[in-house]
Amino acid sequence: MKFIKKYKSAFYLTIFAFIVCGIIYPLFMTGIAQLIFPKQANGSLIKVDNEVVGSELIGQDFTDPKLFHGRPSAVNYNVYRGKSGSLASGSENFAVSNPDLKKRIDKDVDKFLKENPTVSKEDIPEDIISQSASGLDPHISLKAAELQVDRIAKNTGLSKESIEQLIKKNTKEKILGIFGEQRVNVLELNIDLISEMNK
């Protein structure tokens, strides 16, 4: 009986904290998010013909020579066009001193040059051959997108001018005009590119 009295307050406090912090607060915040930012609260999903093809926050692995390619990923997540993929994230996190990092970069450089023969090795921007920390970065630099124009024009039959217009349309400016750099969301760009090809 003394034991119960001694810990009675702590028990009630635990139950109270569980109800407030574990149930009421999360439900309240979820409700507020759904009212104010419904798109973001639901994962910033992108739909094509009323079907979810991905999120504007998660990069996907595109290998079709007609499409823009994103940054290399250790997980190769992909849901667009019916292709399923892992929901894992994360890069390989090789140290600079790790010889496997050099091998992986050399392999990606060779792959990029083979896919884009009009590009010289010196012109390849760092982002198109480096993995992001999450492995799921959805953006590439403006330069990385522009270097793929020749390949895409050759494989799609579209004019370089029309492809460059699609890049321009999907280019996001620096945050607040000063932070970061111009970037292009690869999934959104490829959706517009496919739409242009199907006209």
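A salt bridge is a side-chain nitrogen of Lys or Arg within 4 Å of a carboxyl oxygen of Asp or Glu. By that rule, this protein has 8 salt bridges. You will visit some of them below.

**Before you start**

This is a predicted model, where local features need pLDDT of at least 70, side-chain atom pairs count only at pLDDT 80 or more, and totals for chains, interfaces and linings use all residues. Residues are numbered from 1 along each chain as its sequence is written, and side-chain values use heavy atoms, with hydrogens and water left out.

**Stop 1: the whole chain**

Show the cartoon. The protein has 7 helices and 5 strands. Here helices (H or I, at least four residues) and strands (E, at least two) are DSSP runs, numbered from the N terminus. Follow the chain along its sequence and you trace α-α-β-β-α-β-α-α-α-β-β-α.

Now think about cover. Buried means under 20% relative accessible area, exposed means over 50%, and partly exposed lies in between (1.4 Å probe, protein chains only). Of the 199 residues, 34% count as buried.

**Stop 2**

Select Phe11, Tyr12, Ile15, Phe18, Ile19, Ile23, Ile24 and Leu27. They form a nonpolar patch on the surface, and their accessible area together is about 820 Å². Such areas come from the Shrake-Rupley method with a 1.4 Å probe; for residues, only the protein chains shown count as cover. Patches are made of residues with over 30% relative accessible area and no salt bridge: like charges are joined within 9 Å, nonpolar side chains (Val, Leu, Ile, Met, Phe, Trp, Tyr) within 5 Å.

Click isoleucine 15. It is in helix H1 (residues 2–36). Isoleucine 15 is partly exposed, at 37% relative accessible area.

Next, show the rings of phenylalanine 11 and tyrosine 12. Both residues are exposed. The structure holds 1 aromatic pair. The ring centres of phenylalanine 11 and tyrosine 12 are 5.9 Å apart and the planes stand at 55°, so the pair is tilted. The rule: rings of Phe, Tyr and Trp (its six-membered ring) pair if their centres lie within 6.5 Å; planes under 30 degrees apart count as stacked, over 60 as edge-to-face and the rest as tilted.

**Stop 3: the loop between E1 and E2**

Select aspartate 49 and asparagine 50. Aspartate 49 is in the loop between strand E1 (45–48) and E2, and asparagine 50 is in the loop between E1 and E2. Phi of aspartate 49 is near 50°, a positive value in a residue other than glycine. Phi of asparagine 50 is near 65°, also positive in a residue other than glycine. Are they buried or exposed? Aspartate 49 is exposed, at 76%, and asparagine 50 is exposed, at 70%.

**Stop 4: arginine 71 and its partners**

Select aspartate 137 and arginine 71. They form a salt bridge, with the closest N and O atoms 2.8 Å apart. Aspartate 137 sits in the loop between H3 and E3 and arginine 71 in the loop between strand E2 (51–55) and H3, so the pair ties together parts that are 66 residues apart in sequence. Aspartate 137 is partly exposed, at 28%.

Serine 132 is in the loop between H3 and strand E3 (139–141) and is buried, at 10%.

**Stop 5: helix H3**

Go to arginine 104, in helix H3 (residues 99–115). Arginine 104 is buried, at 14%. A polar atom of its side chain lies 2.7 Å from the backbone oxygen of isoleucine 129.

Now select lysine 103 and aspartate 100. Their side chains meet in a salt bridge (4.0 Å, N to O). The two are 3 residues apart in helix H3, which means about one helical turn between them. Lysine 103 is exposed, at 56%, while aspartate 100 is partly exposed, at 34%.

**Stop 6: H5 to H6**

Select aspartate 150 and lysine 160. Their salt bridge has its closest N and O atoms 2.9 Å apart. Aspartate 150 is in helix H5 (residues 149–156) and lysine 160 in helix H6 (residues 160–169), 10 residues apart.

**Stop 7: helix H7**

Finish at H7 (residues 186–197). How many of its residues are buried? The count is 9 of the 12, so H7 is largely enclosed by the rest of the structure. Among the buried residues are Val186, Leu189 and Ile194.

Conventions
A polar contact is a pair of N or O atoms within 3.5 Å; within protein, one must be able to donate a hydrogen and the other to accept it, and residues adjacent in sequence count only if both atoms are side-chain atoms.
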